Amino acid sequence: MPHDFTDIHDCTCNNLRKAARAVTQYYDGALRPAGIRATQFSLLSAIREFGTVSIGTLAEESVMDRTTLTRNLKLLEDEGLVTIAAGEDARVREVSLTPAAQEKLGVAIRYWRKAQLQMATRMGNDGVRHLLRALSGAVEAARSD
């Protein structure tokens with residue numbers, strides 16, 4: 001007999017949001033000694049991967065609406081961690097890391113790696129791999145409309 005997913009306790013959105021809050025709180029605590037939050041770490045790491053990236057591309061890759069991303073980037077800019085400037089096309093705003101961000105990420109990565117290892121220990125390597133595949137599938141399923 002197939003499972004009936006009409007119960008609120010089986011709500012994909014509710015459970016993903018709950019898990020995201022719990023995991024974010026865990027990583028926030030782990031990254032606290034580096035003076036950075038998990039959301040900041042994620043954004044700065046994404047920008048580091050690109051080098052310089054347009055806000056539009058970063059929003060798409062981060063699966064974040066531009067308004068929320070712009071607000072978060074403004075906070076990082078105010079902290080001296082990113083620069084936001086016009087690209088070759090003046091209509092496109094590009095983001096890059098400052099040396100202070102590179103330094104902060106260098107410190108934070110040690111705490112992040114420790115948190116990653118602790119999560120892998122608690123969940124098991126197979127559990128982490130399964131979760132990452134399932135989350136990628138959820139992103140794709142949500143984008144398929």
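## Crossing helices

H2 and H4 are roughly perpendicular to each other; that label covers angles of 65 to 115 degrees, while under 35 counts as roughly parallel, over 145 as roughly antiparallel and the rest as oblique. The angle between helix H2 (residues 38-50) and H4 is about 90 degrees, and their axes lie 11 Å apart. Axes are lines fitted to C-alpha atoms, for helices over the stretch in contact, and angles run from 0 to 180 degrees between N-to-C directions. Helices are DSSP runs of H or I with at least four residues, strands are runs of E with at least two, and both are numbered from the N terminus. This is a predicted model: local features need pLDDT of at least 70, side-chain atom pairs count only at pLDDT 80 or more, and totals for chains, interfaces and linings use all residues. Residues are numbered from 1 along each chain as its sequence is written, and side-chain values use heavy atoms, with hydrogens and water left out.

Which residues bring H2 and H4 together? From H2 come Gln40, Leu43, Leu44 and Ile47. They meet Leu69, Asn72, Leu73 and Leu76 in H4. Contact here means heavy atoms within 4.5 Å.

## H3 against H4

H4 also packs with H3. Their angle is about 110 degrees, with the axes 10 Å apart. H3 and H4 are therefore roughly perpendicular to each other. On the H3 side, the contact is made by Ile55, Gly56, Leu58 and Ala59. On the H4 side, Arg66, Leu69, Thr70 and Leu73 take part.

Val63 sits in the loop between helix H3 (55-62) and H4. Its phi is near 50 degrees, a positive value in a residue other than glycine. Most residues other than glycine have a negative phi. Is Val63 buried or exposed? Val63 is exposed, with a relative accessible area of 52%. The cut-offs are under 20% for buried, over 50% for exposed, and in between for partly exposed (1.4 Å probe, protein chains only).

## Salt bridges

How many salt bridges does the structure hold? There are four. A salt bridge is a side-chain nitrogen of Lys or Arg within 4 Å of a carboxyl oxygen of Asp or Glu. Side chains of opposite charge can pair when their charged atoms come close. One of the bridges joins Asp78 and Lys74, with the closest N and O atoms 2.8 Å apart. Both residues are in helix H4 (residues 66-78), four residues apart, so about one helical turn separates them. Asp78 is exposed at 52% relative accessible area. Lys74 is partly exposed at 42%.

Another bridge links Asp126 to Arg129, where the closest N and O atoms are 2.7 Å apart. This pair lies in helix H6 (residues 125-143), three residues apart, about one turn of the helix. Asp126 is exposed, at 57%, whereas Arg129 is partly exposed, at 44%. Asp89 pairs with Arg91, the closest N and O atoms being 2.6 Å apart. Asp89 counts as partly exposed, at 30% relative accessibility. Arg91 counts as exposed, at 72%.

## A nonpolar surface patch

Five residues are listed here: Leu16, Met123, Leu131, Leu132 and Leu135 form a nonpolar patch on the surface. Together they have about 390 Å² of accessible area. Such areas come from the Shrake-Rupley method with a 1.4 Å probe; for residues, only the protein chains shown count as cover. Patches are made of residues with over 30% relative accessible area and no salt bridge: like charges are joined within 9 Å, nonpolar side chains (Val, Leu, Ile, Met, Phe, Trp, Tyr) within 5 Å.

Which helix gives the most to the patch? H6 does, with three residues. Leu16 belongs to helix H1 (residues 12-31). Leu16 counts as partly exposed, at 36% relative accessibility.

Met119 is in helix H5 (residues 99-123). At 16% relative accessibility, Met119 counts as buried. Met119 and Tyr27 are 92 residues apart along the chain, yet their C-alpha atoms are separated by 9.8 Å. Leaving out residues up to four places away in sequence, Met119 touches Val23, Tyr26, Tyr27, Gly124 and Val128.

Ser96 is in strand S3 (residues 93-97). Ser96 is buried, with a relative accessible area of 19%. What does Ser96 touch, not counting residues up to four places away in sequence? Its contacts are Ile47, Gly51, Thr52, Leu81, Val82 and Thr83.
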